[in-house]
Amino acid sequence: MNFRLTSDYRPKGDQEQAIAKLVNSVKAGNRHQTLLGVTGSGKTFTMANVIEEIQRPTLIMSHNKTLAAQLYSEFKAFFPDNAVEYFVSYFDYYQPEAYIPRSDTYIEKDSSINEEIERLRLSTMGSLITRPDTIVVASVSCIYGLGNPEDYKDMMYGVRKGMEIGRDEFLHELVNLLFERNDIAFQRGNFRVRGDVVEVRPAYLEDTAIRVEFFGDEIDRISAIDVISGHVIDEVTDYVFYPAKQFVSSKEKLKTAMVGIRQELNDRIAWFEKNNKLVEAQRIRMRTEYDLEMMQEMGFCQGIENYSRHITGRKKGDRPYTLLDFFPDDYLLMVDESHASLPQVRGMFEGDKSRKSVLVDHGFRLPSAMDNRPLRFDEYMKMTNQRLYVSATPGPFEIVNSRPDNPKFIPIKGRNDPEFDPGFAKRLNRTIKASGSAQDPDDFNVSRAGQQLIVEQIIRPTGLLDPILTMLPLKAQIDDTIELCRQRVEKGERVLVTTLTKKTAEDLAEYLQGVDLKCRYIHADVDAVERVEILRALRAAEFDILIGINLLREGLDLPEVSLVCILDADKEGFLRNETSLIQTAGRAARHLNGECVLFCDTVTDSIQALINVTEHRRRVQQEHNEKHGITPESVVRAVQKSLHERGKGTSEGEKMNQSMVAEDEMIYNAVEVIREMEEEMQKASARLEFEKAAHLRDQIKELRKRAGITEPDRKRRNVKY
């Protein structure tokens with residue numbers, strides 16, 4: 001099936017010329033192209049049009065889960081007839097395995113897997129293998145080790161109506177695919193048997209199971225059923241089952257791998273004993289033999305990914321298989337917010353290497369565990385053919401590599417590196433000026449016949465100008481923020497406030513709630529799914545003010561936000577540098593009354609750069625509006641749906657814990673839920689988990705307000721606070 005864009009919109013403003021230039025550049029075979037698009041100019045819509053024109057499978061990379069979820073929802077709406085998939089880290093909580101030699105402290109791997117995201121990851125792998133019309137929205141987790149796509153493909157098992165196969169043989173095939181039998185709790189990745197009827201719940205489907213009915217040694221009927229009611233949704237003539245886990249391998253490969261693992265174990269023990277490291281020798285022997293026993297009996301073990309080099313048959317030092325291997329050779333890579341995403345890709349390898357080296361040296365892992373790693377940046381570049389970088393503030397790497405006079409890939413290297421390009425500094429100075437953040441942004445012009453690799457998209461389809469900048473002193477920034485928030489709330493508009501620390505964000509949220517302003521906070525400790533729900537709740541007017549730190553920047557599409565307050569704007573640093581300020585101010589660029597208030601006592605270089613860029617863009621946008629008679633209007637967009645329907649199959653307490661702000665239609669016994677949450681809050685406090693306790697306290701407060709429980713009610717119902 002071809003990629004078919006479905007939208008009521010048509011390219012406007014700068015979009016039409018940007019689409020044409022980018023499509024021509026990709027078709028000409030250029031490996032690097034950059035879309036320099038201001039916030040609110042419709043970069044996502046431009047990307048969607050490029051995909052439709054190019055007609056290739058596409059990987060869209062983002063640097064955080066929240067933005068990836070938003071992009072997933074948008075592309076799902078743009079391409080309803082194609083396979084749009086979501087691939088991010090499936091850990092809600094992840095404590096990597098580590099060892100601290102100084103204190104002889106071993107930290108065991110601990111994680112909490114989000115089943116919904118795991119389902120979406122498995123669905124992604126299946127779609128890439130079976131469908132050529134696949135778009136994947138992914139975070140940087142796509143460069144981490146994954147199973148061999150050939151093994152995954154070989155283990156897929158298809159059945160059809162009329163196929164001659166015994167029931168027991170079919171069950172044996174399901175076990176080979178790592179499905180587990182469970183006749184009581186019918187969860188994803190399980191199957192259950194009732195006589196000649198086998199019901200399988202694939203791990204990549206949400207609320208659907210596959211029922212296979214036998215008549216003797218022949219498949220008589222195949223149907224899709226609802227997992228709760230058991231009602232038949234649809235009858236099919238054939239069906240293909242994918243493996244139930246991401247790391248899979250055939251029995252033959254696993255046996256060969258176990259021989260290699262044992263040989264490496266013996267060599268490692270001999271090396272430790274030779275160097276008089278007897279504790280380490282005993283440690284690696286016990287751990288590895290236990291893992292080998294589990295693999296032999298169960299076909300799986302905890303941390304099996306650490307043996308991936310042996311299982312996939314790779315040589316020492318070879319790069320791991322990743323999601324990129326599941327794509328065909330001609331796929332297109334789009335790096336959204338490239339100024340943040342690409343540095344993240346660069347930093348993954350060294351951090352992982354440092355941690356694993358300690359584990360290997362002290363006998364907790366075999367040396368082959370070092371090959372279970374993320375891609376190095378050079379490997380990442382080799383595995384991506386044509387790339388489109390998308391950002392309102394592209395970094396030096398994107399601009400240097402996308403310039404017509406330098407289409408060749410140029411890695412960023414340090415001055416002490418022998419391979420450092422001596423002309424790089426000179427080009428870098430030129431490109432900083434070209435990026436629109438220089439003293440004279442009007443010099444931005446890299447046009448050259450047939451080689452327009454950097455495309456500027458300043459004009460917004462709505463005619464909106466960049467937000468107005470206002471500077472206020474630091475002295476009364478909290479009081480001024482409260483007054484500014486009240487003014488916007490009275491107009492039915494939303495506000496974003498950015499702080500420098502998580503503690504400040506939480507304290508400020510509590511303070512604003514105390515003055516009867518409906519607000520929430522968001523930061524990295526809030527899990528991925530809840531972040532999406534918080535942003536959706538802000539748009540749905542369930543609260544008015546959102547306080548954050550670094551998440552309220554790149555790519556967030558919040559048309560209802562008319563005011564952005566940047567506290568401590570003159571504290572120069574990562575959170576208040578030029579890129580950060582431009583990106584944060586851009587969150588108000590989708591509203592007619594957009595304004596950014598910077599609280600500062602001095603005008604730093606970063607603030608001045610923001611002022612210069614804003615003045616330049618407003619001038620160009622105003623001239624365009626006057627020339628074409630355009631009247632600016634705010635962006636109007638329906639609130640996106642959740643990644644999944646929240647509350648299905650969960651207890652009342654779990655439903656409330658998914659978000660501080662509950663859905664209006666949720667039915668619950670408020671008193672019982674509050675009592676359960678109180679107990680959990682007290683336990684968290686006793687364990688000194690004060691952040692969790694504070695979060696639960698805020699949830700209880702919001703629930704009380706929603707349920708209308710007043711002080712007399714609490715005493716009468718014997719609810720303690």
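**Exercise 1. Find what share of the chain's contacts with a separation of 6 or more comes from residues 24 or more positions apart.**

Step 1: A contact means heavy atoms within 4.5 Å.
Step 2: Among contacts with a separation of 6 or more, 73% join residues 24 or more positions apart.

Before going on, note that this is a predicted model, where local features need pLDDT of at least 70, side-chain atom pairs count only at pLDDT 80 or more, and totals for chains, interfaces and linings use all residues. Residues are numbered from 1 along each chain as its sequence is written, and side-chain values use heavy atoms, leaving out hydrogens and water.

**Exercise 2. Describe how helix 17 and helix 18 pack.**

Step 1: Locate helix 17 at residues 578-585 and helix 18 at residues 605-628; helices here are DSSP runs (H or I, at least four residues), numbered from the N terminus.
Step 2: Their axes, lines fitted to C-alpha atoms over the stretch in contact, lie 8 Å apart at an angle of about 45°.
Step 3: That angle makes helix 17 oblique to helix 18; oblique covers what is left after under 35 degrees (roughly parallel), over 145 (roughly antiparallel) and 65 to 115 (roughly perpendicular).
Step 4: List the partners: E578, L581, I582 and A585 of helix 17 meet S606, I607, A609, L610, V613 and R617 of helix 18.

**Exercise 3. Is G586 buried or exposed?**

Step 1: Look in the loop between helix 17 and strand 25 (595-599), where G586 is found; strands are DSSP runs of E, at least two residues.
Step 2: G586 has 7% relative accessibility, so it counts as buried (under 20% relative accessible area; exposed is over 50%, with a 1.4 Å probe and protein chains only).

Terms used
Axes are lines fitted to C-alpha atoms, for helices over the stretch in contact, and angles run from 0 to 180 degrees between N-to-C directions.
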